[in-house]
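Open the model in your viewer and keep the selection panel at hand. The stops below are given in the order in which to select them.

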Amino acid sequence: MVAEEGVAALTLDRVGARAPASRSQLYHYFADKDALVLAIVEETCDAVLGAQTELFAQLDSWEGIARWFQALVELQRQRHARGGCPIGSLAGQLAERDPQARAAIADGLDRWESHLRKGLIRMRRGGELTSDADPSALATATMAMLQGGLLLTQVRRDPEQLRTALDAAWELLRAARARHDGPATGSGPEGAHAEDS
């Protein structure tokens, strides 16, 4: 219901009619609409991150990052560029009106970002990144490009918007690559960077 009509249209009565569940049953689990919205935010974050679990495990290599980027673009192609980022959509509706929901969304985005940050930390330790590379800053910048790319993809109905954003993220990450590792073996979202050095 939130995905189709937004948080503003959500009421416990409408949820109960659609579930179906009685109002008393809903109030048994959720004290009010705010509690229900918070549960939706938490479930949405878990679902978005859970769908990427296998890819997250590979974010400590250039090949793994490239596969993650490619999978994100392919998902938007499959969805015909509709829906955008479920977490980002909730942020747009709730960040300025519901402090608890905003904090839960921030936590979800941080959990998402942390997978790349941890992978980049491992890459720096393994000599794949320069010693002065900042994994936290690189991960935050990548997430900003990812979210911006998803927003543009949604409003322009064009998955190429996300591909372009992730190509820029790839270039940013590759700029921090340690130079002793020779020619790149990974590639960006479209394999455009397989020959860079």
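In which helix is Arg18 found? Select helix 2, residues 12–18; Arg18 is found there. The model is a predicted one. Show the surface around this residue: Arg18 is partly exposed, with a relative accessible area of 45%. Next, display its contacts. Leaving aside neighbours within four places in sequence, Arg18 is in contact with Met1, Glu4 and Glu5. For a sense of scale, draw a C-alpha to C-alpha distance from Arg18 to Ala104: the two are 25 Å apart in space and 86 residues apart in sequence.

Now select helix 6, residues 62–78, together with helix 8, residues 99–125. Their axes lie 11 Å apart and the packing angle is about 160°, so helix 6 is roughly antiparallel to helix 8. Helix 6 passes helix 8 in a left-handed crossing. Show side chains at the contact: helix 6 contributes Trp62, Ile65 and Trp68, while helix 8 contributes Trp112, Leu116, Leu120 and Met123. Colour these by class and the contact of helix 6 with helix 8 shows seven nonpolar residues, no polar ones and no charged ones.

The crossing of helix 6 and helix 10 is right-handed. On the helix 6 side, select Trp62, Ile65, Ala66, Phe69, Leu72, Val73, Gln76 and Arg77. They meet Glu160, Leu162, Arg163, Leu166, Ala169, Trp170, Leu173 and Arg174 of helix 10. By class, the contact of helix 6 with helix 10 has 11 nonpolar, one polar and four charged residues.

For the last stop, select the cysteines Cys45 and Cys85. How many disulfides does a search of the whole structure find? It finds zero. The closest cysteine sulfur to that of Cys45 is in Cys85, and at 8.5 Å the separation is too far for a bond, since a disulfide needs the sulfur atoms within 2.5 Å. Cys85 is likewise in no disulfide, its nearest cysteine sulfur being that of Cys45. Are these two residues buried or exposed? Cys45 is buried, with a relative accessible area of 2%, and Cys85 also counts as buried, at 6% relative accessibility.

Methods:
Residues numbered from 1 in each chain as written. Predicted model: local features only at pLDDT ≥ 70, side-chain atom pairs only at ≥ 80, totals over all residues. Heavy atoms only, no water. Axes fitted to C-alpha atoms, helices over the stretch in contact; angles between N-to-C directions. Helix = DSSP H or I, 4+ residues; strand = E, 2+ residues; numbered from the N terminus. Parallel < 35°, antiparallel > 145°, perpendicular 65-115°, else oblique. Left-handed = near helix turned anticlockwise from the far one by under 90°. Contact = heavy atoms within 4.5 Å. Nonpolar A, V, L, I, M, F, W, Y, C, P; charged D, E, K, R; others polar. Buried < 20%, exposed > 50% of the residue type's maximum accessible area, 1.4 Å probe, protein only.
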